[in-house]
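Trainee: I would like to learn how to read a protein model. Can we go through one together?

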Number of protein chains: 2
Amino acid sequence: MKIAVLGTGMVGRAIAGQLSTLGHDVLIGTRDVEQTRARTESDLLGNVPFAQWQQAHPAVRLVPFADAGAHGEVIVKATQGATTLSALDAVGAENLSGKVLLDIAMPLDLSQGMPPTLTVANTDSLAEQIQRAFPETRVVKSLNIMPADIMVDPSRIPGEYNVFVAGEDADAKETVKALLREVGWPDGAILDLGGIRSARGAEMYGVLIFTVSAALDTNDFNLAIVCK
Amino acid sequence: MKIAVLGTGMVGRAIAGQLSTLGHDVLIGTRDVEQTRARTESDLLGNVPFAQWQQAHPAVRLVPFADAGAHGEVIVKATQGATTLSALDAVGAENLSGKVLLDIAMPLDLSQGMPPTLTVANTDSLAEQIQRAFPETRVVKSLNIMPADIMVDPSRIPGEYNVFVAGEDADAKETVKALLREVGWPDGAILDLGGIRSARGAEMYGVLIFTVSAALDTNDFNLAIVCK
């Protein structure tokens with residue numbers, strides 16, 4: 001499948017690398033290709049410069065946002081939550097129309113330190129904002145509740161766990177569920193929450209993640225809904 | 001232990017009934033004793049009138065909020081989230097000073113239908129509002145993430161699950177943890193999230209509960225944090 005991953009950070013790399021390894025035709029989109037390639041230092045989280053990462057993933061080409069959008073049948077939005085709408089404007093509504101847009105972002109506001117607050121919550125969500133701004137795009141929210149290394153390899157955490165999907169378009173959700181199964185999510189772990197409004201619950205759970213992470217001093221955990 | 005439960009609804013009854021059965025000296029507080037006793041019809045959720053419930057739990061006396069507050073060493077706030085501060089004003093700051101206040105409420109706004117939004121979220125929480133309004137009270141948030149029948153009998157749901165506690169006062173949290181163990185929460189299931197601000201994550205998770213409940217068409221589930 002032709003897939004565009006928007007965002008060159010840790011999350012975008014993890015998703016693009018794994019989907020490429022699985023045989024998909026993956027491009028990574030960024031705002032300024034030359035600037036992204038020119039970086040020579042690791043970021044604050046210790047991630048190596050993009051150019052160094054790409055040497056290990058030569059099949060994944062780096063292109064401007066709009067080119068990535070034109071390429072992708074599925075577009076994975078892995079940019080920071082707060083810059084989502086401007087990144088999608090750069091991709092262009094014409095490149096997003098009719099496409100499946102998998103939104104995996106948490107709309108974090110880190111300006112007041114940790115744990116973060118959200119830039120949108122409670123009566124709205126980032127996924128709903130995207131769907132309103134791009135009504136011809138089939139937005140699906142998923143995967144936002146965990147670190148990138150678990151997104152693409154859920155077996156890192158033994159035991160039972162769940163991943164949510166939310167969106168208005170049933171076919172788009174099936175496409176996303178198929179990708180989830182490909183990277184290792186068992187069918188029974190995938191919980192369809194309903195329409196795009198149900199992304200609110202999944203996004204708001206993001207705050208609990210950071211709280212639990214601080215309490216346990218680890219990011220290596222996952223969420224399970226344990227039924228009777 | 002002398003315990004006051006504020007609130008005569010399903011949640012207050014479940015907690016008061018169970019703690020009384022375990023041998024604690026439990027009173028239930030309400031705004032207007034005569035009005036509560038005079039009800040003869042079941043509520044919209046099918047709960048029998050309070051007077052009928054009390055016949056099965058004669059040891060649990062119904063008293064005005066202030067009398068309940070004066071009685072309790074631990075005060076369990078099981079009123080609706082939205083009316084919390086006015087209920088606590090009726091209890092009286094002098095009856096709350098120095099006491100352990102266990103806040104189990106979700107600050108739900110049901111005015112726009114289901115799933116609910118929250119009356120406070122993201123940059124503040126109900127538990128923080130209570131702690132600010134009653135600085136001499138030792139507020140602990142816990143149990144808000146599940147239905148009342150699971151709060152007082154977690155073994156209803158087989159498998160692993162977690163319950164959170166959050167609050168500023170370590171001794172108050174120990175008192176609450178001891179009560180949680182008494183009603184059946186395994187020690188390993190109790191996860192201390194930290195100070196009262198960490199109640200935000202637990203309260204915001206409340207929205208996800210309603211979303212999952214609608215998706216699965218059941219309330220009989222619990223949350224587990226699955227670690228590596």
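Predicted model: local features only at pLDDT ≥ 70, side-chain atom pairs only at ≥ 80, totals over all residues.

Trainee: Which residues have the most contacts inside the largest nonpolar core?

Mentor: In soluble globular proteins, nonpolar side chains tend to be buried together. Here the largest nonpolar core has 144 residues. Those with the most contacts inside it are A:Val5, A:Ile15, A:Val76, B:Val5, B:Ile15 and B:Val76.

Trainee: What does B:Ile15 touch?

Mentor: Leave out residues up to four places away in sequence. Then B:Ile15 touches B:Val5, B:Val76, B:Ala78, B:Met151 and B:Val152.

Trainee: Are H5(A) and H7(A) roughly parallel or roughly antiparallel to each other?

Mentor: Helix H5 covers residues 84–91 of chain A, and helix H7 covers residues 126–133 of chain A. They pack at an angle of about 30 degrees, with their axes 11 Å apart. Angles under 35 degrees count as roughly parallel. H5(A) and H7(A) are therefore roughly parallel.

Trainee: Which residues of H7(A) meet H5(A)?

Mentor: H5(A) brings A:Thr84, A:Leu85 and A:Leu88 to the contact. By class, this contact has five nonpolar, two polar and no charged residues. On the side of H7(A), the residues are A:Leu126, A:Gln129, A:Ile130 and A:Ala133.

Trainee: Is helix H7 of chain B largely enclosed or largely exposed?

Mentor: Look at its residues, 126–133. The buried ones are B:Leu126, B:Ala127, B:Glu128, B:Gln129, B:Ile130 and B:Gln131. Their cover includes helix H5, strand E5, strand E8, strand E9 and helix H10 of chain B. Six of the eight residues of H7(B) are buried, so the helix is largely enclosed.

Trainee: Which element gives the largest share of the side of chain A that touches chain B?

Mentor: The contact takes 37 residues from chain A and 37 residues from chain B. On the side of chain A, the elements that give two or more residues are strand E7, strand E10, helix H10 and strand E11. By class, that side has 21 nonpolar, ten polar and six charged residues. The largest share, twelve residues, comes from H10(A).

Trainee: Is A:Leu223 buried or exposed?

Mentor: A:Leu223 lies in strand E11 of chain A. A residue is buried if 20 or more other C-beta atoms lie within 10 Å of its own. A:Leu223 has 24 within 10 Å, so A:Leu223 is buried.

Trainee: Which residues of chain B does A:Leu223 touch?

Mentor: Again, skip residues up to four places away in sequence. In chain A, A:Leu223 touches A:Ile145, A:Tyr161 and A:Asn162. In chain B, A:Leu223 touches B:Leu223 and B:Ile225.

Methods
Residues numbered from 1 in each chain as written. Chains lettered and ligands numbered in written order. Core = buried A, V, L, I, M, F, W, Y, C linked by C-beta atoms within 7 Å. Buried ≥ 20, exposed ≤ 12 C-beta atoms within 10 Å, placed from the backbone. Contact = placed C-beta atoms within 7 Å. Axes fitted to C-alpha atoms, helices over the stretch in contact; angles between N-to-C directions. Helix = DSSP H or I, 4+ residues; strand = E, 2+ residues; numbered from the N terminus. Parallel < 35°, antiparallel > 145°, perpendicular 65-115°, else oblique. Nonpolar A, V, L, I, M, F, W, Y, C, P; charged D, E, K, R; others polar.
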